[in-house]
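Hi everyone, thanks for coming.

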Amino acid sequence: LMVFDSTRTNILTTYVSGNSYDGFNDIVFDNKNQLYVVGVSSSSNFPVTNTIGASFYQSAKGVGNDGIQMLFSDSLALLYSSYFGGNNHDAAFGISIDSKNRVYVVGDAQSTNLSVLDPMDGSYYNATNEGSYDGFLAEYDSLFNVRWVTYLGGSGTDRISDVRVTPNDHIFTVGWTESADHDTLDMGLGAYYNSSYGGVRD
């Protein structure tokens, strides 16, 4: 993690890692200038902590790689750090925050036992990993209390690589699929739509 001030002077450079392969993939700031980070870790001793008392907290790595999600204060003190994974390889690739400071994390999962959650309010929900890898989308409040976690994908390999939220809190995800049976939906209103799987990877 490297930080530069407004004059492009390096004011912080630090390792954030354990005893194996680790990496950050995305960062975002909230309206309190707190830093949220997601990535992936193969380390069994990645620095984890839960000073904020979050309801979702995974202190031990699962099998293979796990996603990681972290929260730093505006002075870059580590407030929260957790694995996110299960019984196989998983990784977090993108993070975004909406107008109510709800946090959205996306990635891919080979695990069949992610901590999924159906909010029972009509939200899209799939509790099952349908293929080799599926994408996932997780929603938390600003203190990583879990609100919604779902798999996204078909019978092949799928990845959600990034997420953004509009000013009116519509959630956009992007990625790729190797699933010919991935769910499609035409919203109408002249929006671009193609229901046909075109090649090896779409």
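Some ground rules. This is a predicted model, where local features need pLDDT of at least 70 and side-chain atom pairs count only at pLDDT 80 or more, while totals for chains, interfaces and linings use all residues. Residues are numbered from 1 along each chain as its sequence is written, and side-chain values use heavy atoms, with hydrogens and water left out.

Okay, Ser43. You'll find Ser43 in the loop between strand E4 (35-41) and strand E5 (49-50); strands here are DSSP runs of at least two residues, numbered from the N terminus. Is Ser43 buried or exposed? Ser43 counts as buried because its relative accessibility is 0%, and buried means under 20% relative accessible area, using a 1.4 Å probe and protein chains only. So what does its side chain reach? It gets to the backbone nitrogen of Ser20 at 2.7 Å, and a polar atom of that Ser43 side chain also lies 3.0 Å from the backbone nitrogen of Asn19. Leaving aside neighbours within four places in sequence, the contacts of Ser43 (heavy atoms within 4.5 Å) include Asp22, Lys61 and Tyr83.

Next, the core. A nonpolar core is a set of buried Ala, Val, Leu, Ile, Met, Phe, Trp, Tyr and Cys residues joined through side-chain atoms within 4.5 Å. The largest one has 22 residues, and Tyr36, Val103, Val105, Tyr140 and Phe144 have the most contacts inside it. Among the strands that each supply at least two residues of this core are E4, strand E9 (103-109) and strand E10 (134-140). Not counting residues up to four places away in sequence, Phe144 touches Tyr36, Tyr80 and Val103, among others.

Now the lining of the largest pocket. Which strand gives the most to that lining? That's E13, with seven residues.

Last bit: the backbone. Most residues other than glycine have a negative phi. Asn101 isn't a glycine, yet it has a positive phi of about 65°. Asn101 sits in the loop between E8 and E9, and it counts as buried because its relative accessibility is 16%. Asp169 also has a positive phi of about 65° without being a glycine. You'll spot Asp169 in the loop between E12 and E13, and with a relative accessible area of 15%, Asp169 is buried too.

That's my tour, thanks!

Definitions and conventions. Helices (H or I, at least four residues) and strands (E, at least two) are DSSP runs, numbered from the N terminus. Buried means under 20% relative accessible area, exposed over 50%, partly exposed in between (1.4 Å probe, protein chains only). A polar contact is a pair of N or O atoms within 3.5 Å; within protein, one must be able to donate a hydrogen and the other to accept it, and residues adjacent in sequence count only if both atoms are side-chain atoms.
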